Amino acid sequence: MTPDKRPGVLLDVDGTLLDTNYLQVLAWWQAFRDTGHDEVSMADCHRSIGIGSEELVVHLLGDDADDVSEAKTRRYEPLRELVAAFPRVDELLAACRERGLAVVLATSGEESDLEWMVPAIGGEDVVDGATTSADVESAKPAPDLLQTAVADHGLDPRRTVAVGDTIWDVRAARDAGLPCIALTCGGISRAELEEAGADEVYDTPADLLDHLDDSLIGKAARG
């Protein structure tokens, strides 16, 4: 291990720890329709979840449009009361911490989102820190978010694992030079995640927890 560097796990939040992807899809779809972009389908939105907000709009429209992002924020606000963590997320975070890993959230969401995300996942006592879109110029699928999280939280990149649920998470990890565990609970298939370059794929946080010691996370903890 690099001197003074810690092993760690970088966790995406939406669709990975929180069952929010389809709420996000609905809010984005409504936002595109609110702003006159009826050609954008729910399927288009779902395939783009995991990309940072500005990048998502450009990805789907070919150009930036602030009104779409603003409309999405408005549409998502009333849906937040429906947000729930996937089963055993709090146990997964605690298990990573118990094995000596720094637990860091790496989300393309806004910094203000942490105010409700952290309590929702039961991470108040086990999350060591977080990196959000506010900390980087380019969010996922660019590797900046993960690279910044590693640097800012003093992590050893050789013993740090990224966990996400979309091909964008996988691509970001690959370009950051980090091993990646992907979960299918965000609605992306195992085949697509493996094709994108995921090193391991599990169904849910609970599935990963059940296999934690045999996973890349367990190997990182053991050094």
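Me: Where does R88 lie in this predicted model?

Reply: In this predicted model, R88 lies in the loop between helix 4 and helix 5, the latter spanning residues 89–98. Its phi is near 70 degrees, which is a positive value in a residue other than glycine.

Me: Why is R88 called partly exposed?

Reply: The relative accessible area of R88 is 32%, and the class of partly exposed residues lies between the cut-off of under 20% for buried and that of over 50% for exposed. R88 is therefore placed in the partly exposed class.

Me: What makes the pair of Y76 and W116 tilted?

Reply: The structure holds two aromatic pairs. In the one formed by Y76 and W116, the ring centres are 6.4 Å apart and the planes stand at 45 degrees. Centres within 6.5 Å count as a pair, while planes under 30 degrees apart would be stacked and planes over 60 would be edge-to-face, so this pair is called tilted.

Me: Which parts of the chain does the pair of Y76 and W116 tie together?

Reply: Y76 belongs to helix 4 (residues 66–76) and W116 to helix 6 (residues 114–120), so the pair ties together parts that are 40 residues apart in sequence. Both Y76 and W116 are buried.

Me: How do you know that K72 lies over the face of Y76?

Reply: K72 is placed at 4.6 Å from the ring centre of Y76, and the distance cut-off for a charge over a ring is within 6 Å, joined to a limit of within 35 degrees of the ring normal. K72 is accordingly listed as lying over the face of Y76.

Me: Why is T16 called buried, and what does the side chain of T16 join?

Reply: T16, which is found in the loop between strand 1 and helix 1 (21–34), has 0% relative accessibility and therefore counts as buried, the cut-off being under 20%. A polar contact of 2.8 Å joins its side chain to that of D12, and such a contact needs a pair of N or O atoms within 3.5 Å. Leaving aside residues up to four places away in sequence, T16 touches F86, V163, G164, D165, L183, C185 and P205.

Me: How do you know that T107 is buried, and where is T107 found?

Reply: T107 is found in the loop between strand 2 and helix 6. At 2% relative accessibility it counts as buried, since the class takes residues under 20%. The side chain of T107 reaches the backbone nitrogen of G109 at 2.9 Å, and among the residues that T107 touches are V13, L114, M117 and L145.

Me: What makes strand 2 mostly covered?

Reply: Five of the five residues of strand 2 are buried. In a regular strand the side chains alternate between the two faces of the sheet.

Me: Why is D4 called exposed?

Reply: D4 lies in the segment before strand 1 and has 79% relative accessibility; the exposed class begins over 50%, and D4 therefore counts as exposed.

Methods. Residues numbered from 1 in each chain as written. Predicted model: local features only at pLDDT ≥ 70, side-chain atom pairs only at ≥ 80, totals over all residues. Heavy atoms only, no water. Phe/Tyr/Trp six-rings, centres within 6.5 Å; stacked < 30°, edge-to-face > 60°. Helix = DSSP H or I, 4+ residues; strand = E, 2+ residues; numbered from the N terminus. Buried < 20%, exposed > 50% of the residue type's maximum accessible area, 1.4 Å probe, protein only. Polar contact = N/O pair within 3.5 Å; in protein donor to acceptor, adjacent residues only side chain to side chain. Contact = heavy atoms within 4.5 Å.
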